[in-house]
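Hello,

Here is the structure we talked about, followed by notes on what turned up in it. Please read the notes with the model open.

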Amino acid sequence: MEITNLKKSKKLTKKQIWGIVIALVILVYLVVSYTPLNPYLLVKYPPNKWQAVFLSNNQIYFGKVVKMNRKEITLEDIYYLQTVAQPLQRSAGAEGPTQVEQKLTLVKLGSEIHGPEDKMTINRDFVLLIENLKQDSNVVEAIERYLSEQ
């Protein structure tokens, strides 16, 4: 009696190989997108520092990033810059149009007529850049001055 080896060699077809590759790509995408490996979720902003959030509409908000995910950023303790036109004082007898000086002022969110809360959720699609501000920046000094007067 002769014993034969009936072991069959199994080779993967091209279709099976492509199926495995596509499944692995999808798996890696899901792992990176929905786990702490997501780069949006890895960035943490220190709670004791102020951030500047630059938006695509040229608006800049200053505050503290308290939450961030793939879709949105939550900002609290918010301030923004506003341009105020101040007429320059003319000397006596001066003729012609009044000259105006443009000044930037820092405004605390919540003092507007519609009375918004001091919390903002921003769609990430509109965020160009987020920067930590130095403690000795003009903006941080103005915010600290405002807070000390409250």
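The model is a predicted one, in which local features need pLDDT of at least 70 and side-chain atom pairs count only at pLDDT 80 or more, while totals for chains, interfaces and linings use all residues. Residues are numbered from 1 along each chain as its sequence is written, and side-chain values use heavy atoms, with hydrogens and water left out.

Three aromatic pairs are found in a search of the whole structure. One of the pairs is Trp 50 with Tyr 79, edge-to-face, at 5.9 Å centre to centre and with 70° between the planes. This pair links distant parts of the chain, 29 residues apart: Trp 50 is in the loop between α2 (39-42) and β1 (51-55), and Tyr 79 is in strand β3 (residues 72-87). Helices (H or I, at least four residues) and strands (E, at least two) are DSSP runs, numbered from the N terminus. Trp 50 and Tyr 79 are both buried.

Tyr 79 also forms an edge-to-face pair with Tyr 146, at 5.7 Å centre to centre and 80° between the planes. Tyr 146 belongs to helix α3 (residues 138-149) and Tyr 79 to strand β3, so this pair ties together parts 67 residues apart in sequence. Tyr 146 counts as partly exposed because its relative accessibility is 31%.

**Charges**

Lys 64 is over the face of Trp 50, 4.6 Å from the ring centre. Lys 108 is over the face of Tyr 79, 4.7 Å from the ring centre.

Side chains of opposite charge can pair when their charged atoms come close. With a salt bridge taken as a side-chain nitrogen of Lys or Arg within 4 Å of a carboxyl oxygen of Asp or Glu, the count comes to one. The partners are Asp 118 and Lys 108, whose closest N and O atoms are 2.3 Å apart. Lys 108 is in strand β4 and Asp 118 in the loop between β4 (100-108) and β5 (119-123), ten residues apart. Lys 108 is buried at 17% relative accessibility, whereas Asp 118 is partly exposed with a relative accessible area of 26%.

Which residues does Gln 82 touch, not counting residues up to four places away in sequence? They are Lys 103, Leu 104, Thr 105 and Val 107, with contact meaning heavy atoms within 4.5 Å. The C-alpha atoms of Gln 82 and Leu 104 are separated by 5.6 Å, and the two residues are 22 apart along the chain. Gln 82 is in strand β3 and is partly exposed, with a relative accessible area of 37%.

Asp 77, also placed in strand β3, has a positive phi of about 55° although it is not a glycine. Its relative accessibility of 33% makes Asp 77 partly exposed. Asn 58, in the loop between β1 and β2 (60-68), has a positive phi too, near 70°. Asn 58 counts as exposed, at 70% relative accessibility.

Ser 137 is in the loop between β6 (127-132) and α3. A polar atom of the Ser 137 side chain lies 3.1 Å from the backbone nitrogen of Val 140. Ser 137 is buried, with a relative accessible area of 18%.

**The chain as a whole**

The protein chain has three helices and six strands, in the order α-α-β-β-β-β-β-β-α along the sequence. Of its 150 residues, 23% are buried. Among contacts between residues at least 6 apart in sequence, 52% join residues at least 24 apart.

Regards

Note on methods. Buried means under 20% relative accessible area, exposed over 50%, partly exposed in between (1.4 Å probe, protein chains only). Rings of Phe, Tyr and Trp (its six-membered ring) pair if their centres lie within 6.5 Å; planes under 30 degrees apart count as stacked, over 60 as edge-to-face and the rest as tilted. A charge sits over a ring if NZ of Lys or CZ of Arg is within 6 Å of the ring centre and within 35 degrees of the ring normal. A polar contact is a pair of N or O atoms within 3.5 Å; within protein, one must be able to donate a hydrogen and the other to accept it, and residues adjacent in sequence count only if both atoms are side-chain atoms.
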